[in-house]
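Please open the model in your viewer and keep a selection panel ready. The stops below go from one chain to the next, and each begins with something to select.

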There are 4 protein chains.
Amino acid sequence: MQRDVCTEPVLNSRGPGAAAITMAPGAGKGILARLDAGEVVIGDGGFVFALEKRGYVKAGPWTPEAAAEHPEAVRQLHREFLRAGSDVMQTFTFYASDDKLENRGHTQRFTGQQINEAACDLAREVADEGGALVAGGVSQTPAYLSCKSEDDVKAIFKKQIDVFVQKNVDFLIAEYFEHVEEAEWAVQVLKSTGKPVAATLCIGPEGDLNGVRPGDCAVRLVKAGAHVVGVNCHFDPETCVKTVKMMKEAVEKAGLKAHYMSQPLAYHTPDCNCQGFIDLPEFPFGLEPRVLTRWDMQKYAREAYKAGIRYIGGCCGFEAYHVRALAEELAPERGGLPAGSEKHGTWGAGLEMHTKPWVRARARRDYWENLKPASGRPLCPSMATPDAWGVTKGHADLMQQKEATSQDQLKALFDKANKNQ
Amino acid sequence: MQRDVCTEPVLNSRGPGAAAITMAPGAGKGILARLDAGEVVIGDGGFVFALEKRGYVKAGPWTPEAAAEHPEAVRQLHREFLRAGSDVMQTFTFYASDDKLENRGHTQRFTGQQINEAACDLAREVADEGGALVAGGVSQTPAYLSCKSEDDVKAIFKKQIDVFVQKNVDFLIAEYFEHVEEAEWAVQVLKSTGKPVAATLCIGPEGDLNGVRPGDCAVRLVKAGAHVVGVNCHFDPETCVKTVKMMKEAVEKAGLKAHYMSQPLAYHTPDCNCQGFIDLPEFPFGLEPRVLTRWDMQKYAREAYKAGIRYIGGCCGFEAYHVRALAEELAPERGGLPAGSEKHGTWGAGLEMHTKPWVRARARRDYWENLKPASGRPLCPSMATPDAWGVTKGHADLMQQKEATSQDQLKALFDKANKNQ
Amino acid sequence: MQRDVCTEPVLNSRGPGAAAITMAPGAGKGILARLDAGEVVIGDGGFVFALEKRGYVKAGPWTPEAAAEHPEAVRQLHREFLRAGSDVMQTFTFYASDDKLENRGHTQRFTGQQINEAACDLAREVADEGGALVAGGVSQTPAYLSCKSEDDVKAIFKKQIDVFVQKNVDFLIAEYFEHVEEAEWAVQVLKSTGKPVAATLCIGPEGDLNGVRPGDCAVRLVKAGAHVVGVNCHFDPETCVKTVKMMKEAVEKAGLKAHYMSQPLAYHTPDCNCQGFIDLPEFPFGLEPRVLTRWDMQKYAREAYKAGIRYIGGCCGFEAYHVRALAEELAPERGGLPAGSEKHGTWGAGLEMHTKPWVRARARRDYWENLKPASGRPLCPSMATPDAWGVTKGHADLMQQKEATSQDQLKALFDKANKNQ
Amino acid sequence: MQRDVCTEPVLNSRGPGAAAITMAPGAGKGILARLDAGEVVIGDGGFVFALEKRGYVKAGPWTPEAAAEHPEAVRQLHREFLRAGSDVMQTFTFYASDDKLENRGHTQRFTGQQINEAACDLAREVADEGGALVAGGVSQTPAYLSCKSEDDVKAIFKKQIDVFVQKNVDFLIAEYFEHVEEAEWAVQVLKSTGKPVAATLCIGPEGDLNGVRPGDCAVRLVKAGAHVVGVNCHFDPETCVKTVKMMKEAVEKAGLKAHYMSQPLAYHTPDCNCQGFIDLPEFPFGLEPRVLTRWDMQKYAREAYKAGIRYIGGCCGFEAYHVRALAEELAPERGGLPAGSEKHGTWGAGLEMHTKPWVRARARRDYWENLKPASGRPLCPSMATPDAWGVTKGHADLMQQKEATSQDQLKALFDKANKNQ
């Protein structure tokens, strides 16, 4: 494969005088100004999975009470992404709607408002350390899955938005929607604030869970008022770039104008069906072997860039070094490296100082670019068969309840799962 | 496979009243008192790899200047391990000897002493938040590989120890030694402080790089004065437990008495030769697919416990959730769960609250215990062929130099590596 | 997966009196009579690959001179397929056109006519031993790839057909065509004999090498006069069944009527592009790990049957036990087992007599049906990246020449291949 | 890896005048004369597995009645091996002792004597076509596993030998013994005929099923009178060569003299325990992905030769092209190529005549030597966990019975197997 970046001048500029290491190249400008100017905007990574591993988020409920409960942990993660080159600090408010918090059995030590406010303050504090922007985010709601009305669902978004407006975030993101209809509703609410709006679905090339194709989804989101459209979560970078390409083609064919973004998983998911990594048997506690390397990330950044995507970030599984890899791959286009690159030699150059000579011999681009990393798991396969229950909005199995699943309900599920295997 | 723990009473005790979640069960007692009493001591994880991914350590030099440079990042990582159940905070002083810092091209913004002092302060600060112990650590030196004299090498250890004594750490660890001879020297220096001494080699069943068998190594370390012996780094948990078993048998056969510890990698390494993961082609930037899951860790904790190992920790690749898995597996023996378990349902129980019913169906032990996680990488193999240059202490290729490797030297290495492929 | 065959009566009928073992259930009836009656017709396997392994065919030229040169080897292979349940003996005349024989450097010890005659005699001799039919086959020509005229290409087919008519084969097959246009020409020539005509392309779901979709291909072949249409070679059974389904849908939608056949590879090819297994790096000397098991074959037979395919056979890689597996899976529909089943217990039942008890424990259907067989090759991946030179009919690289490729030409090819890697 | 054979002169000699293609270089000389002269003797491949696939042997009983029942099939297989370069035709008499035939439920259409006689005649007929030797073989007996006396067991061997003597085979092989004691008994009986005796155990580096190490086994066999010692079946070539090396070292250390032979599986078995491939979950109906390529075989031939093994053959899984690969790799040492090489270009040279240019680009040694063939099975692992029931001679589970296993016995086995998984 031919790669056409990382030209010599940039690499050389990382010598003794670290002049080329700059932060947040677009500092001072808003998201649309940056994108309109053709700049690359590097997003951040997924907080939920990173903080789960660190011990601050519970898998299952996936709620963001840590923003209020353990602010030092959330602040530190923001800082790592900032240092890695993120131009945007997303508020850690995933699933922070009251209905979700309540529904997921959260013990209500904090209200949704408290969590959302704390998350805004943390994002702003760190963003200001490096000229980054703050984005407030809303996601799909249990209310929608349970077939509540448009008004009910919009009221939930409105409640979250009020905090973002009060805290004066720089722009808004509607993300992680499996049904374009709910995303349209979110965009309409977000749009009413007058702030720039980005909207991403968690879908792949097959489209949303009602079968609406990616191109049609994108057109609908742009028409609803989104300035930036794309996908996030649920699929690996390769799949996400492919999906956004389909969106871009359709939007352009419709004579509309938009910017494009992708915030994929940091997990390889070649075996996914339309529901994405949720359906993989490894979700969420056995995904380790699928984690992308930094070199996989550089490839992603390049492919996304070539596809015309300019807002390039990540979601679940991303850690700071993944984001830094995006920033390093696109250093020529961005005019410099992120702060965190002071601790990373491009394409493994830092290994020139390794104790063992055969490790020093790995300090070269073609070595890492061509490596096919072994899993170390000879008893494991390379692909899995995803679950495929084939239910979505409106199905009884998806009606959300406040209570934890009962033992009887669980037993019924185990039986159903065993039968499907 | 039969697993015999996590009895019902313990699991049930994690209900509404989180009474069973306790921290640092041995609080107030020293390391030897704990081990003598038969308690399980949970170690922490590797700082170098974790902080490399977060952007604070440079792969290649691998030096710990972050303790002085970015204390907030180091403090946060300590806190995560403490929360996960670690009973010991190891000072982040790996490779913090002056010869190493100088040798690795470190820009000398901080002296070795400054770094060591800062690392001690951070470890103590966090340890005190949860009744943990502080351990000061020394590792193998470039001086030894370059055939410096015993006196020269010991002087280096002495210089590091002085800081540990001044900062009054609770005990000392000599870790990451490839040659038992150098480890003996280190133990002798550490022993002179009067503090308890633990010593771990980074070896597997084939023994140290001079071919000294694990059993003989262990006997020599005990005779040199180590109270706790074992292995750390370089190999996966399965291999490390096997190696410590060989050590324990030999020590007991020699009529000696010791405690045993293992702090393995969090990477599966079934394909390693005697040099461990350094020789794997994926080291250090392509190890992702090899990372152990939390369930792999529970198996490790159980196997280590069965083998009579009571100091059970980790090294490179370990993150907080890996340590928490050790503490959860051994909760019955330890009498409770760590603080971090408030965000983790045992054996996936938290999934009972997941939105999707087929994910709720994964909330059970046999599901996770039997999962063979797919790599998502159909183009990659499951094992690699390790490098095998077969050189060690005294070989010209291993003479350490202050300067970064020159371009000519690198070219010679690349050619040699290509020829060996 | 639910499997709904092999009902008890049939299995039981394989007891002491082997009454259920019958041969060639449709004996005496022609191919169309059998298919019109709804019978399942079992094809045979690929001779070229089987005889290459036995030492009678040379990979590269792939010509069938063995029919004249080593008739005992060809006769034996026919017998194995007959015994395994094949209802059709295809004459071993693949690539037996004079232009191909000459082009492939064949030393001309035998003319095309001699080979074709010998092949017909062998097929008839063995067919008569078991009531099977004889089918004469023609395949794509170098002349077509080199852009010869329709008349020239048809003349080549005509020359082959003359032998088949003279030897009075029971029906004709035009198989292994990459371009539907050439297949239409072949069908037109075959049709002129008044014998039943089957036509199979070596294409997958993406269609022929000019991008004509499978459905359109099938409609064109039926309109050209083929009674049976389908695919053979180039792809695995799963892909072939999928492709024939597309053909059947289009033929029915066009209001036409036909029978359907599939003769896939016995190699798993999930990683193929439109050119099929030719493009896999393992072709033709490293395909071993991809060979289907007999259980894979039973699954294929069932899926093909469910899809409405009634002429079910195989191509390259098939050996007698693969064909027998087809016949065993469809024994209920066919009313009995083939002769070769006297040496095979259904679903591993023969293991009941194995020496080792743990092997006897494998004598059950669910064991073999669920087995995920290991490759024994931890250094190898599960998928490959196919070559993709993207050239077809008319491209200079595909102009066929009589001479062996010259050293200069080979060097140019090696360089091109290395660059593409 | 460096390979040092196939020098130019030999390769060139395969031009138009096929002078270099010769058969059976040692024609006319006995086995010991050939080995004493330092010649390489190429063995044949396993008949049981090859004929099972062709439909003439039933897996489970594994008995050789085909020699009498379907002589044309057995004759053809002999011819393929002869053509491929085999210098020895082993009589197809595996498990042809009366106790085995009776025990395995064989319907007694033929007596052991009839089968053994027919097998001798077939082997001699084909051997005479090409100057090959005929070897009569005996294998382990159910009687031994059931703890019959030395006299009883020896009487069984004697009965088989009588036929071999009467038919005047050239030498005798005692093969496929899991216990060295029974092999010694066999050697003693064979020795009494005055014919040269070879003896191979089906063991790996861990030794026989009583734990007798390979070196000790070899010394005992040589002392019992064997002229040639080694291993056959149960393990892959790599393991077998390693085991024979251990044998050779021990024999030489004991001051004894012998020749060495290996006849391994054609299946990769890196995951086997001491019982070999019998314990793999894929045995015997799912071994396809493990089959060695011809290039793997060339590597085996070279390694065996380097280890001092001069009788180099194969066992289960070997087909003619595998044997030919042995003969081609050792063509320089043997002074020519086998007859079958007229249909095979060395290192893929035949591909120079392939239709597609990118396949022609594979006509080179380094391509095939470095290929890591994909399995095409992304849902399958690369290694399996072998059964490990840990029972051997004398255990109740291994008492052999005449009757087929009863349904009750089977159910008990299934339950035991399920529990062990």
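The model is a predicted one, in which local features need pLDDT of at least 70 and side-chain atom pairs count only at pLDDT 80 or more, while totals for chains, interfaces and linings use all residues. Residues are numbered from 1 along each chain as its sequence is written, and chains are lettered from A, with ligands numbered from 1, in the order in which they are written.

**Stop 1: the sheet of chain C**

Select strand S3 (residues 133–138) and strand S4 (residues 171–177) of chain C, which run parallel and are joined by four bridges; within this pair, Ala135(C) lies opposite Phe171(C) of S4(C). Widening the selection shows an open sheet of eight strands with parallel pairing, in the order S1-S8-S7-S6-S5-S4-S3-S2 (chain C). Its edge strands are S1 (41–42) and S2 (88–90) of chain C, each of which pairs on one side only.

**Stop 2: two helices of chain C**

Next select helix H5 (residues 71–84) and helix H7 (residues 112–130) of chain C, which pack at an angle of about 35° with their axes 9 Å apart. Here the axes are lines fitted to C-alpha atoms over the stretch in contact, and angles run from 0 to 180 degrees between N-to-C directions. With contact taken as C-beta atoms, placed from the backbone, within 7 Å, the residues of H5(C) that meet H7(C) include Val74(C), His78(C) and Leu82(C), and those they meet in H7(C) include Leu122(C) and Val126(C). By class, this contact has seven nonpolar, two polar and four charged residues, where Ala, Val, Leu, Ile, Met, Phe, Trp, Tyr, Cys and Pro count as nonpolar, Asp, Glu, Lys and Arg as charged, and the others, Gly among them, as polar.

**Stop 3: a strand inside chain A**

Which residues cover the two faces of S5(A)? Select strand S5 (residues 197–201) of chain A, where five of the five residues are buried, so the strand is largely enclosed by the rest of the structure; buried means that 20 or more other C-beta atoms, placed from the backbone, lie within 10 Å of the residue's own. Val197(A), Ala199(A) and Leu201(A) are on one side, with Ala198(A) and Thr200(A) on the other. Strand S4 (residues 171–177) of chain A pairs with S5(A) in the parallel sense over four bridges, and Ala174(A) stands opposite Ala199(A).

**Stop 4: chain D and its neighbours**

Now show chains C and D together: 85 residues of chain D are in contact with 84 residues of chain C. Among the helices that each supply at least two residues to this side of chain D are H3 (47–54) and H18 (407–420), while H5(D) gives the most, with six residues. The side of chain D that touches chain C has 41 nonpolar, 20 polar and 24 charged residues.

Switch to chain B, where four residues are in contact with four residues of chain D. A rotation of 180° with 0.0 Å of shift along its axis superposes chain D on chain B (RMSD 0.0 Å), by least squares on the C-alpha atoms of residues with pLDDT of at least 70 in both. That is the relation of a two-fold axis. To end, select Pro378(D), whose C-alpha is the one in chain D nearest the axis, 3.0 Å from it.

Technical notes
Contact = placed C-beta atoms within 7 Å. Buried ≥ 20, exposed ≤ 12 C-beta atoms within 10 Å, placed from the backbone. Pairing = 2+ DSSP bridges.
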